[in-house]
Amino acid sequence: MIDTDPRRLLIELIRDEPDAKGARVGCLTGDCGACTVLLDGEVRKACLVLAASIDGNDVRTIEGLDAIEALQQAFVSHNAFQCGFCTSGMLVVAADLLARNPLPTKDEIRHAISGNLCRCTGYEPIVDAIHSAAHAGDARSG
Ligand code: FES
Ligand code: FES
C-alpha cells in the first residue's frame, strides 16, 4: 500500500515520476483515455484508480512497453496523430490488443480504441496505423 493522500489518483502519482510523462491528464473522469496504462497487464484508465490502492501491482506506462517501435513507426507513416495528446494512450491500447490478438481486423481495432478519444485525426489513420503494424509482412492482410 502506498502512503499517500487517499484521494490521490494513480495518474497523479505517475505524473510525479520524472521519467513517466507519457500518460496524460485529460478529463479525469474516465472518458478520454489519455491516462491509459497497463495495470497488472490490463488496460486501465489511471484517473479511475486510487493511488492508495496500488500495492505491489505492475503499473506500466508507454515508457515501459517493449517492442512498440513498429507501432510507433506506423503511427508516423499514417499521420495517426496531430497534437499527439491521445497518442500514448492509443499506443498502450494498441500494444495490448496486438499482444492478445496479433492480427486484428479493423473492426476489432475500432472496438479496442473505442474508450480513447482523439479530437484531431478522425480515427481512421489510427486504425490504419495499428492494422498496418499488425499485418506488416503478413500475406493474409488485406
Ligand atoms: S484523464 Fe483518464 S480517461 Fe481522461
Ligand atoms: S492527435 Fe490530437 S487528440 Fe489525438
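The model is a predicted one, in which local features need pLDDT of at least 70 and side-chain atom pairs count only at pLDDT 80 or more, while totals for chains, interfaces and linings use all residues. Residues are numbered from 1 along each chain as its sequence is written, and side-chain values use heavy atoms, with hydrogens and water left out.

An automatic or database assignment sets the domain bounds, and the chain is divided into domain 1 (10-63) and domain 2 (66-135). Their centres, taken over C-alpha atoms, are separated by 19 Å. Contact (heavy atoms within 4.5 Å) links 17 residues of domain 1 with 13 residues of domain 2. The area buried between them (accessible area, 1.4 Å probe, lost on being put together and summed over both) is about 1100 Å², with 61% given by carbon and sulfur atoms. On the side of domain 1, Arg 24, Thr 36 and Ile 62 lose the most area to domain 2, together 42% of what that side buries.

Turning to the interior, a nonpolar core is a set of buried Ala, Val, Leu, Ile, Met, Phe, Trp, Tyr and Cys residues joined through side-chain atoms within 4.5 Å, where buried means under 20% relative accessible area (1.4 Å probe, protein chains only). The largest such core has 26 residues, and Leu 65, Phe 75 and Ile 130 are among those with the most contacts inside it. Beyond its neighbours within four places in sequence, Ile 126 is in contact with Phe 75, Ala 80, Met 90, Ile 113, Cys 118 and Thr 121. Apart from this core lies another, of 13 residues, including Leu 9 and Cys 47.

Notes
Chains are lettered from A and ligands numbered from 1 in the order in which they are written. Buried means under 20% relative accessible area, exposed over 50%, partly exposed in between (1.4 Å probe, protein chains only). Buried area is the accessible area (1.4 Å probe) that two parts lose on being put together, summed over both.
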